[in-house]
Amino acid sequence: QRMTRASALLRAPSLVRAGVRQLSGNSMVHVNPAIRTAQDQMWYRFHNAWPVQVPMNMQMPGTPRADEGVTAAEPQSQITTLSNGVRVVTESSWGLGASMAIFYGIGSRFETAATHGSSHFLQQLAYKASEEKSHYMMTRSIEKLGGHVAAGAGRDCIMFAGECLKSNAAGLFELMAESALHPRLEDLDMDQARMLVMQDYQAHTHNGAAAIQDWLHSVAYQGQTLGAPVMCSPEMAETMTGDVIQKFLSSNLSPGRVIVAAVGVDHAEMVESAEKAFGDLSGNVPEAEAAQYYGGDVRVPGEHGQVHVAIGLQGAACDDKELLALAALQSMLGGGDQFSAGGPGKGLTSRIFKNVLSSPQVLTANSINVSYKDSGLFGIQGTCDAVHAEATVSLLVRELAGLRQGFTEEEVTRAKNMTRSSLFLNLETKGIVCEDLGRQVLFYGKRQSGKELADKIQALTADDLSAAVEKILSSPPSVAAYGEVHYVPSYQDIVAGLK
């Protein structure tokens, strides 16, 4: 009966052409404007909703045929340097969305004792009040554009990011630049930021896996440059003022340390927006102090019950030839928890899973690989109950030292495939591509595509990985322990185990 009624409706050309259909009685309802054929009309008549659930073997009503599609163009990257030295990098992208970011090539490594915590405060001041807008007006302006914004501070850069529709990109970027260049630094603004900074600090100290990374950097670089903590200390947070923030910016920010990155925005339009926002920025600052790796040992008492231990070695800087080999080694080592949220089988082939997490005494274990412009850290960290610290550290040390024993062809192939897969998976997200654009230009001065990097990873050999291992294991280890540290083996025992 339904087919009979539908057929009768489809035979009424006046109704189809008029774009309406008749329900019970004499009421008329307009149909979806995408419906162009009698078959489309029939689907809409049956389902009374749009979009309809069409079987996989039938073309979706109102859409072009699959064989009418056009192969997506290869993303194209462009870099332009403004007259004052600010660099603009963009990459083309399909879709209606745009992702943008402003990078300041400054961070906690540029802070002094007098300006410690400035980067952390700038993160919390972002997208609040500016010199031109109140916090409310800034928020409402972003909301009206459908924008999503975020800010983050690290050891080597501060990032102001935003995403919106392409049609609103220029307007959102103007707000991003206003927030980055002219945050309001009055007492009320500083008090609000102070509260957020203190909350960050408290949350950080209760996250042992994150806190141990800070302590590892601190001992590896003896508290200088990359060893300077990202989190503002409570003592400094209590006394932080707008004048300190301004001093930090004026002493370290210059046009050459500003990168504007965008994905999905026309390059000429992005250059125009960057010129409008940063064209008047000027100033010269001294070169950053080079990071010096030292190594050493630090034990920080914390909550009783568990202990977090990290063992680090000097890794690769961003432009070192061992950079990709260490990335493959990190994939080979892997890591995770005793309980895998991914279900049975997740990560079973990684060395840490097979050799470390197979012990019930180890709660978590993960490989570490971070790179900066002039240095890096590679190693392994783990968490366990304090009474099992000696056994856990022994497993961690054995795993690092065991890298000297070489690798099977299967291991090398799997590690390269995992690294390439992770690379391409991340580059599926516009926000990550945008961050990658900015960081590459900031640290390399150029952009390498995902395909270029994947080809270099594919070319790695077991000898390349072994050479990287020998280089990192020749450096003095950095050991950090946080929590109930009494049961952690001595630094001398760890050094001996790595030889």
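These notes cover a sheet, the helix on it and a cavity in a predicted model.

1. Sheet order. Six strands form an open sheet. Read across, the order is β3-β4-β8-β5-β7-β6, and the pairing is mixed.

2. Edges. The edge strands are β3 (77–81) and β6 (148–153). Each has a single partner strand, so one side of each is left without a neighbour in the sheet. On average, neighbouring strands of this sheet are turned by 15° against each other, direction ignored.

3. The β5–β7 pair. Strand β5 (residues 97–104) runs antiparallel to strand β7 (residues 158–165). Eight bridges join these two strands.

4. Cavity count and volume. With a threshold of 30 Å³ or more, the count is one cavity. The largest cavity has a volume of about 70 Å³.

5. Cavity lining. Which residues line the largest cavity? They are S331, M332, T349, S350, R351, E411, R414, A415 and M418. By class, the lining has three nonpolar, three polar and three charged residues.

6. Where the lining comes from. Two or more lining residues come from each of α12 (323–333) and α15 (409–426). Helix α15 gives the most, with four residues.

How values were computed: Residues are numbered from 1 along each chain as its sequence is written. This is a predicted model: local features need pLDDT of at least 70, side-chain atom pairs count only at pLDDT 80 or more; totals for chains, interfaces and linings use all residues. Side-chain values use heavy atoms; hydrogens and water are left out. Two strands pair if DSSP finds at least two bridges between them. Axes are lines fitted to C-alpha atoms, for helices over the stretch in contact, and angles run from 0 to 180 degrees between N-to-C directions. On a 1 Å grid over the protein atoms alone, a cavity is a set of points where a 1.4 Å probe fits but cannot get out, and a pocket is an open set with protein on both sides within 12 Å along at least five of seven lines; lining residues have an atom within 4 Å of a point. Grid points are joined across faces, edges and corners, and a volume is the space filled by probe spheres set on the points. Ala, Val, Leu, Ile, Met, Phe, Trp, Tyr, Cys and Pro count as nonpolar, Asp, Glu, Lys and Arg as charged, and the others, Gly among them, as polar.
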